[in-house]
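Me: I would like to go through the labels used for this model and see what each one rests on. Please set the values against the cut-offs.

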Amino acid sequence: ETLDKGLEKSKTTFFSKLSKAVAGKSKVDDAVLDNLEEILVSSDVGVDTTLKIITRIESRVAADKYLGIEELNKILQEEISGLLSETNTGEATEFVIPKDKKPYVLMVVGVNGVGKTTTIGKLAFQFKKAGYKVVLGAGDTFRAAAIDQLQIWADRVGVPIVRQNMGSDPASVAFDTLQSAVAQDADIVIIDTAGRLHNKVNLMNELTKVKRVMQKVVSDAPHDVLLVLDGSTGQNAFEQAKQFTAATEVTSLAVTKLDGTAKGGVVIGISDQFKIPVKYIGVGEGIEDLQVFNKHEFVDSFFK
Ligand code: GDP
């Protein structure tokens, strides 16, 4: 229900545009396909993924000679669902982590302003609520505000945070955090990292160092590298995904601010282009406004 509410804008825009594009038509023709292409691109699905979808529908039209409008909706849902399925196989709706990793180390990456701190706070809240013992690490030591903001979230949620002064080595913070987590018998550690992108080699070196140092405490850490992207920024989100995946092995995605955009299609394009599962979506500024991504609910919210 909250998902529907959160994705209201994407839903209304996508579906109403689609309805308009096919109004008065009984079959899928070139004009319908052109319109559909435009709708998908303007919903931030991305050009490559849009062309993939259009090509598949075109081949259906070519094979069947006649494709009705009712069927178009169904096929479109199948295609989108199929693209999401390549990576988003889970049907999960709960905040769970594997039992055999303790502490489970979640490293969070992303540029400033995308909602990284907020997402960490919301995750800490959900994991704590689910019964896990959570420790936060303030590894974005480049900005004093990042450390302070994370502290505010830690206090709000009621979980411990490990921090050092601004300017200290992020790897050292990560090391301390993991040691503290092990000492406290914590279930999950969420490590923030600095989100500077201006120098790719620096970014790569820094993230590699953080990982290497964490492995001195937990040999197979990090268990998840979560890239946070702002879903309302379209091409920027694609560009950031490109840069971060080049710098480190990103294993999952969180797409934020889907409540504030009519362009939820970025989730579809990013899943398809980067083959990394979208694990969480942000649908508001509040502590509860983070959801485990569920592809069925997501596709439904577009077509309902
Ligand atoms: P950071 O610089 O990446 O750590 O970004 P912050 O976590 O400080 O978030 C930047 C702004 O985005 C804040 O005003 C947040 O409240 C807001 N924000 C984060 N996630 C969401 C979301 O899912 N929806 C909305 N509407 N705002 C969000």
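Me: Where is lysine 257 found?

Reply: Lysine 257 is in the loop between strand S6 (252–256) and helix H11 (266–274). Helices (H or I, at least four residues) and strands (E, at least two) are DSSP runs, numbered from the N terminus. The model is a predicted one, where local features need pLDDT of at least 70 and side-chain atom pairs count only at pLDDT 80 or more, while totals for chains, interfaces and linings use all residues. Residues are numbered from 1 along each chain as its sequence is written, and side-chain values use heavy atoms, with hydrogens and water left out.

Me: Why does lysine 257 count as partly exposed?

Reply: Its relative accessibility is 32%, so lysine 257 counts as partly exposed. Buried means under 20% relative accessible area, exposed over 50%, and partly exposed in between (1.4 Å probe, protein chains only). Lysine 257 also has a positive phi of about 60 degrees although it is not a glycine.

Me: What makes aspartate 44 buried?

Reply: The relative accessible area of aspartate 44 is 11%, and therefore the residue is called buried. Aspartate 44 sits in the loop between helix H3 (30–42) and helix H4 (47–64). Its phi is positive, about 70 degrees, although aspartate 44 is not a glycine.

Me: How do you know that leucine 18 is buried, and which residues does leucine 18 touch?

Reply: Leucine 18 counts as buried because its relative accessibility is 5%. The residue belongs to helix H2 (residues 8–22). Not counting residues up to four places away in sequence, leucine 18 touches Leu36, Ile39, Asn73, Leu76 and Phe303; contact means heavy atoms within 4.5 Å. Leucine 18 and leucine 40 are 22 residues apart in sequence, with 9.4 Å from C-alpha to C-alpha.

Me: Why is H8 called roughly parallel to H9?

Reply: The axes of helix H8 (residues 170–183) and helix H9 (residues 200–214) cross at roughly 25 degrees and come within 8 Å. That angle makes H8 roughly parallel to H9. Angles under 35 degrees count as roughly parallel, over 145 as roughly antiparallel, 65 to 115 as roughly perpendicular and the rest as oblique. Axes are lines fitted to C-alpha atoms, for helices over the stretch in contact, and angles run from 0 to 180 degrees between N-to-C directions. The contact is made by Pro170, Ala171, Ala174, Phe175 and Leu178 of H8 with Glu206, Lys209, Val210, Val213 and Met214 of H9. By class, this contact of H8 with H9 has eight nonpolar, no polar and two charged residues. Ala, Val, Leu, Ile, Met, Phe, Trp, Tyr, Cys and Pro count as nonpolar, Asp, Glu, Lys and Arg as charged, and the others, Gly among them, as polar.

Me: What makes H6 roughly parallel to H7?

Reply: Helix H6 (residues 116–129) and helix H7 (residues 144–157) have axes that cross at roughly 20 degrees and come within 9 Å. H6 is therefore roughly parallel to H7. Residues making the contact include Ile120, Gly121 and Phe125 of H6 and Leu150 and Trp153 of H7. The contact of H6 with H7 divides into six nonpolar, four polar and two charged residues.

Me: What is the omega of the cis peptide bond from lysine 102 to proline 103?

Reply: Omega is near -5 degrees for that cis bond from lysine 102 to proline 103. Proline 103 is placed in the loop between helix H5 (69–85) and strand S1 (104–109).
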